[in-house]
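Trainee: I would like to learn how to read the features of a model like this one. Could we take them one at a time?

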Amino acid sequence: MSAGRPRGPRRSRGPAPGDAPAKAPDGTGAPARRPPGARDLALTALERVDGGAYANLALPALLRRSTLNPSERAATTDLVYGSLRMRAALDHALAPLSRQPLERLEPLVLRGLRLGAYELLFGGTAAHAAVAETVGAVAKAGHRGQAGYVNAVLRRLAAAPPAWPDPQRDPVGWATTRGSHPAWIVEEALARLGPAEMLALVEADNVRPEVNLRATPGRTTGAELLAELAEAGAAVRPSPLSPDCVVLERGDPARLAAIGEGRAVVQDAASALVAPAVGAAPGDLVADLAAGPGGKAGHLAALGARVLAVEIAAGRARLVAQTADRLGLTGRLHTVVADGRRPPLRPGAADAVLVDAPCTNLGSLRRRPEARWRHGPDDLPGLVELQLELLEAAVAAVRPGGTVLYSVCTWTRAETHEVVARLLQGRADLRLEEVRQLWPHRDGADGMFLARLFKVR
């Protein structure tokens, strides 16, 4: 036997004797293929996320090309986000039931096991349906041997669900298993919040997020948007965090006229606080040094600023340009592909600078569940250095009397308060004006950190 990675169950060599292939409706004998169902699309989306895509970009693209009805689309979304969100809990439940270590299984087998386990443990699906439908999707995507292995393990799980640690006696054990958070995140939260609030944060991260719609300034207001949607029969309520936002309790935001016409955008209420916090006046030149995908740059331009959106990734820069076009802001929002650490600006040319920096994204785990598995403590030093370099570039680009707004969608002390402290160390040309940390369990929104700095004249 070779020393390579075990490949799991043996590949089937074809139909068993006596199996008759299904015929196409035209009678040609060609196998009839059903359009992809919810679990088929979920497996495809999870494969793309495993390859580095983000679920919030990969899944909508698949759903747009599908023939699923609204309830099936909602089910697919729950399967994808739920199995990503609860991955550690699912692996904890599956590991004792698999003959091979989970990390050595074929990728399709592992994705199928997690998908089926999510339905069994958290999805509310009847056991026989969860197993049969998941096994059918794996068979369709792979081969009989893979489907058979998934069937065997899921049947064991249905017969013997796991026992979870007690959250009061073992909060860390519960948070890293049933709470489905990596140990390093749990330890960070425990150090910052203590056991009770750490558990509350973990629970908040695992709640399906509500959809927030932010009114486009100059086109409508939060109050007008709320009245319009309520009159149209949408289930909405005002956001308690941002006056520009409303909460859409159910329904597809893409079907709303306000979204299609650019009078509103989908944006978390915490993110909607960033552009106003910059404090730019109409006509001010604002540089956004990490602008993709463009939500905050578009908000700044809609508030009246002239925005130079700097984005190093060409694909994300295209998204910024598309935002400007969709919202009718091409005259005020200009996009350039460049490194925000070396922006194409003369020193002191900008009235204000936004640094919405790359980070661990721990504040957005409700909406980006895969983020919890993509970063580890070893990533922090590199991210912190990048954040500091972007801030140094921002300070150089802003004029005396201007502002720098630093925001990250995370709550690690290293990326928030400590970054600001390091920036300010030994500098007499900067003054810290405001610091705010939002938390999912306290504010019902993303865990956004904001710090506004004033460049002394």
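What follows goes through confidence, sheets, helices and rings in turn.

Mentor: Keep in mind throughout that this is a predicted model.

Trainee: What is the mean pLDDT of the protein chain, and where does pLDDT stay under 50?

Mentor: The chain has a mean pLDDT of 92, and 93% of its residues reach 70 or more. The stretch under 50 is residues 1-28. For that stretch the model has 33 contacts beyond four places in sequence.

Trainee: Next, the sheets. In what order do the seven strands form their open sheet?

Mentor: The general idea is that strands of a sheet pair through backbone hydrogen bonds, either parallel or antiparallel. Here the order is 7-6-5-8-9-11-10, and the pairing is mixed. Strand 7 (333-337) and strand 10 (430-437) are the edge strands; each has a single partner strand, so one side of each lacks a neighbour in the sheet. From one strand to the next, the twist averages 15 degrees.

Trainee: Which helices pack on this sheet?

Mentor: Helix 15 (residues 314-326) packs on the sheet and touches strand 6 (306-311) and strand 7. The direction of helix 15 makes about 170 degrees with that of strand 7. Helix 18 (residues 417-424) also packs on the sheet, touching strand 9 (398-408), strand 10 and strand 11 (449-455). Between the directions of helix 18 and strand 11 the angle is about 15 degrees.

Trainee: How many bridges join strand 5 to strand 8, and how many pair strand 5 with strand 6?

Mentor: Strand 5 (residues 285-288) runs parallel to strand 8 (residues 350-356), joined by three bridges. Asp288 has Leu354 of strand 8 as its bridge partner. With strand 6, strand 5 pairs in the parallel sense over four bridges. In that pairing, Leu285 is opposite Arg306 of strand 6.

Trainee: Which way do the residues of strand 5 point, and are they buried or exposed?

Mentor: In a regular strand the side chains alternate between the two faces of the sheet. In strand 5, Leu285 and Ala287 point one way, Val286 and Asp288 point the other way, and all are buried.

Trainee: What is the strand order in the open sheet of four strands?

Mentor: That order is 2-3-1-4, with antiparallel pairing. Three bridges pair strand 2 with strand 3 (residues 245-248) in the antiparallel sense, and Pro238 is opposite Val246 of strand 3.

Trainee: Now a helix. How many residues of helix 5 are buried?

Mentor: An α-helix has 3.6 residues a turn, so residues three or four places apart point the same way. Helix 5 (residues 107-123) is mostly covered, with 13 of its 17 residues buried.

Trainee: Is Arg64 buried or exposed?

Mentor: Arg64 belongs to helix 2 (residues 55-64). Its relative accessible area is 62%, and over 50% counts as exposed, so Arg64 is exposed.

Trainee: Last, the rings. How many aromatic pairs does the structure hold, and which residues form one aromatic cluster?

Mentor: There are four aromatic pairs. One cluster consists of Tyr118, Phe122 and Trp164. As for a charge over a ring, the charged end of Arg374 sits over the ring of Tyr54, 4.9 Å from its centre.

Definitions and conventions:
Residues numbered from 1 in each chain as written. Predicted model: local features only at pLDDT ≥ 70, side-chain atom pairs only at ≥ 80, totals over all residues. Heavy atoms only, no water. Helix = DSSP H or I, 4+ residues; strand = E, 2+ residues; numbered from the N terminus. Buried < 20%, exposed > 50% of the residue type's maximum accessible area, 1.4 Å probe, protein only. Pairing = 2+ DSSP bridges. Axes fitted to C-alpha atoms, helices over the stretch in contact; angles between N-to-C directions. Contact = heavy atoms within 4.5 Å. Phe/Tyr/Trp six-rings, centres within 6.5 Å; stacked < 30°, edge-to-face > 60°. Lys NZ or Arg CZ within 6 Å of the ring centre and 35° of its normal. pLDDT = per-residue confidence, 0-100.
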